[in-house]
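The sequence and structure are shown first.

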Amino acid sequence: MWPAPSNITCADGGQQAIARADVLAGLKNGVLLAMALVVLMLPPAGRAPAALRQAEPSLRQRALHAEFGTLMPSPDARTIADWVADSGDNQRLPFAILDKRGARVYVFDPDARLMGSSLVLLGSAPGDDSVPGIGERPLSQVRSDERTTAAGRFVSEPGHDDSGDEVVWVDYDAALAMHRVKVVDPKEHRFERIATDSIADKRISNGCINVPIAFFDSVVERALGHSRAVVYVLPEIKPLRQVFQTAYDAAAR
């Protein structure tokens with residue numbers, strides 16, 4: 001009960017009660033109106049709206065996850081994809097995740113919905129770092145143990161290689177690109193290698209990421225071939241959190 005003001009006498013008790021009832025009724029109507037407005041403003045069931053997706057993770061009650069469809073990615077690929085979806089680390093850009101251990105790339109739209117996935121060819125040498133200055137050296141001067149596909153987060157951009165072919169530059173300075181598979185040396189059998197299920201067959205390139213021609217034309221070109229994008233290359237030797245230090249487990253958030 002609200003305390004009676006000191007200047008109201010007992011004789012005014014009835015009027016005080018009426019006034020109090022009017023106030024309570026007004027408050028109740030205001031609450032009901034506010035609740036109605038909240039209901040009208042709620043989004044329909046389904047994917048969270050852009051404003052909510054871009055909100056700080058700590059301000060949201062539920063974590064956001066990447067959509068892989070029917071595919072079953074590796075735990076590391078799932079962790080990074082969910083972290084990107086939940087944190088917005090891709091900055092509303094399309095992005096790709098390259099799982100080197102599985103020799104597979106996943107391409108997503110800005111909302112972390114899978115656009116396509118494919119086996120790929122990778123650098124013949126295992127390793128998660130590029131040799132400093134390797135992009136300035138002729139290929140003939142690159143040793144076999146230096147032909148690695150570096151791990152990390154890269155902001156890619158479309159372009160062309162020395163032959164004029166379309167590529168997606170993952171790291172231009174290190175000459176690391178994603179491009180269509182092509183014959184470099186017939187003895188390498190790149191087209192045959194990319195068609196098998198063997199992971200060992202996929203280690204043959206000079207460091208670049210080779211993808212099937214049809215996949216480049218239908219997925220890579222459409223998602224990454226017109227503007228900047230983000231490419232996350234997962235490590236094969238280093239711990240995942242050493243390469244992606246700000247990543248977190250969205251499922252446990």
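## Nonpolar cores

A nonpolar core is a set of buried Ala, Val, Leu, Ile, Met, Phe, Trp, Tyr and Cys residues joined through side-chain atoms within 4.5 Å. Buried means under 20% relative accessible area, exposed over 50%, and partly exposed in between (1.4 Å probe, protein chains only). The model is predicted: local features need pLDDT of at least 70, side-chain atom pairs count only at pLDDT 80 or more, and totals for chains, interfaces and linings use all residues. Residues are numbered from 1 along each chain as its sequence is written, and side-chain values use heavy atoms, with hydrogens and water left out.

The largest nonpolar core has 25 residues, and those with the most contacts inside it are Val105, Met178, Ile209, Val211, Val220 and Leu224. At least two residues each come from β1 (95-99), β2 (104-108), β6 (166-171), β7 (176-180), β9 (209-211), α5 (213-224) and β10 (229-233); helices (H or I, at least four residues) and strands (E, at least two) are DSSP runs, numbered from the N terminus. Helix α5 gives the largest share, six residues. A second, separate core of 20 residues includes Phe68, Val84, Ile97 and Ala247.

## Helix α3

Helix α3 (residues 75-87) has 13 residues and should span 18 Å at 1.5 Å a residue, which agrees with the 18 Å between its end C-alpha atoms; the expected span is 1.5 Å times one less than the number of residues. Its buried residues include Ile80, Trp83 and Val84. Among the elements covering the buried residues of α3 are β1, β2, β10 and α6 (240-243). Glycine 88 follows α3 and has a positive phi, near 75°.

## Salt bridges

A salt bridge is a side-chain nitrogen of Lys or Arg within 4 Å of a carboxyl oxygen of Asp or Glu. By this rule the count comes to 17 salt bridges. Aspartate 111 pairs with arginine 92, with the closest N and O atoms 2.5 Å apart. This pair links distant parts of the chain, 19 residues apart. Aspartate 111 is buried, at 11% relative accessible area, whereas arginine 92 is partly exposed at 37%. Both belong to a network of salt bridges that links Arg92, Asp109, Asp111 and Arg113.

Lysine 100 forms a salt bridge with aspartate 128, the closest N and O atoms being 2.9 Å apart. Lysine 100 is buried at 1% relative accessibility, and aspartate 128 is buried at 5%.

Conventions
Contact means heavy atoms within 4.5 Å.
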